[in-house]
Amino acid sequence: MESTLTAAAPQRAPRPRRSARSARPGRPGIARWLVPLAPALFLLLTFFAGPILWTVWASFTNAALTGAAAADTEFVGLANIERLLTDPQFLDATVVTVVFLVGSGVVGQTVLGLALALLMQNRGAAVRTAVSAIVVGAWVVPEVVAGFVWVAFLEREGSLNALLDQVGLAPQNWLYTAPILAVVLANVWKGTAFSMMTYSAGLSEVPTDLKEAARVDGASGWRVLWHVVLPLLRRTIATTLLLVTLQTVQVFTLIFVMTGGGPGGRSTTLPLLMYQEALNFGDLGYGTTIALALLVVAGLFSLVYVRLLRPEEVR
């Protein structure tokens, strides 16, 4: 009887076996990707996020290099920011920083770099090699060396005045009479190579058939550049402007060597003012507040570039 019931009962479907992976006790979970990334996360938090967080914290304190404030740092709230907004030196340095950024970075390096990249298109290998060697050679020169080169060129007994003397013009101390123009020209000379290389890479991606089609339709060279090439370079231009801005706002050594921020603060940018307050006067709290203001200036310019980039992404 028992054997008959057993034979009549429906047979159950075989239960699927658990895979060897799911059967393993104690799945590693988050540790699977956290352990390999631990060294990179440690370096990122230590050398990138750490200094930023310390700068933000120090800007709300009276931290100093020496003295009682160095031994017993106190939280001062918004006192450094209130001092910043009423400091005429900070307002002057902000204007000088914007002039230096727009003159040497946004206009100078960007326009000259794009012009050089366009001129080198379809040129022979010898011409491209010669131009690249000259422009990139200025880029790889250390800032301190570039500063001494431009001091030797622009000072009263320098090469420029020697050339002007040959045509009967009176010599001038250009570093005193036009300090902003001097540092702007020096930074354009030194940093144009980066823009030239990025624009050269961008121009190589522009389809040749589009330019040929525009020329067949009767478009001049300027109209091809304006209506075909530049719209396709929109993303490259925005990216280059962003990177050039971040490089230019932190230029310190070149200006320090050429003018030291003078005369009378006429070439003092925010990095130089931050150096004077934090290291010369030992006021780390106020110096870090100036550093945050410099971050705001770079962020505002970056937002403009992001707005320029957005319409192309929507398309």
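A pocket here is an open set of grid points, over the protein atoms alone, with protein on both sides within 12 Å along at least five of seven lines, and its lining residues have an atom within 4 Å of a point. The structure is a predicted model.

**Largest pocket**

In this model, 14 residues line the largest pocket, and Ile52, Gln250, Ala291, Leu294 and Leu295 lie nearest its centre. Helix 2 (31–58), helix 15 (270–280) and helix 16 (284–314) are the elements that give two or more residues to this lining. Helix 16 contributes the most, with 5 residues. The lining of the largest pocket holds no charged residues; 12 are nonpolar and 2 are polar. Domain 1 (38–80) and domain 2 (85–309) both supply lining residues, so the largest pocket lies between them.

**Second largest pocket**

The second largest pocket contains about 300 Å³ of space. Its lining also comes to 14 residues, with Leu118, Gln121, Arg215, Gly221 and Val229 closest to the centre. Two or more lining residues come from each of helix 11 (208–216) and helix 12 (221–232). Of the elements lining the second largest pocket, helix 12 gives the most, with 5 residues. By class, this lining divides into 6 nonpolar, 4 polar and 4 charged residues.

| Pocket | Volume | Lining by class |
|---|---|---|
| Largest pocket | about 420 Å³ | 12 nonpolar, 2 polar, no charged residues |
| Second largest pocket | about 300 Å³ | 6 nonpolar, 4 polar, 4 charged residues |

Definitions and conventions
Residues numbered from 1 in each chain as written. Predicted model: local features only at pLDDT ≥ 70, side-chain atom pairs only at ≥ 80, totals over all residues. Heavy atoms only, no water. 1 Å grid on protein atoms, 1.4 Å probe; cavity = no way out; pocket = protein on both sides within 12 Å on 5 of 7 lines; lining within 4 Å. Points joined across faces, edges and corners; volume = space filled by probe spheres on them. Helix = DSSP H or I, 4+ residues; strand = E, 2+ residues; numbered from the N terminus. Nonpolar A, V, L, I, M, F, W, Y, C, P; charged D, E, K, R; others polar. Domains from an automatic or database assignment.
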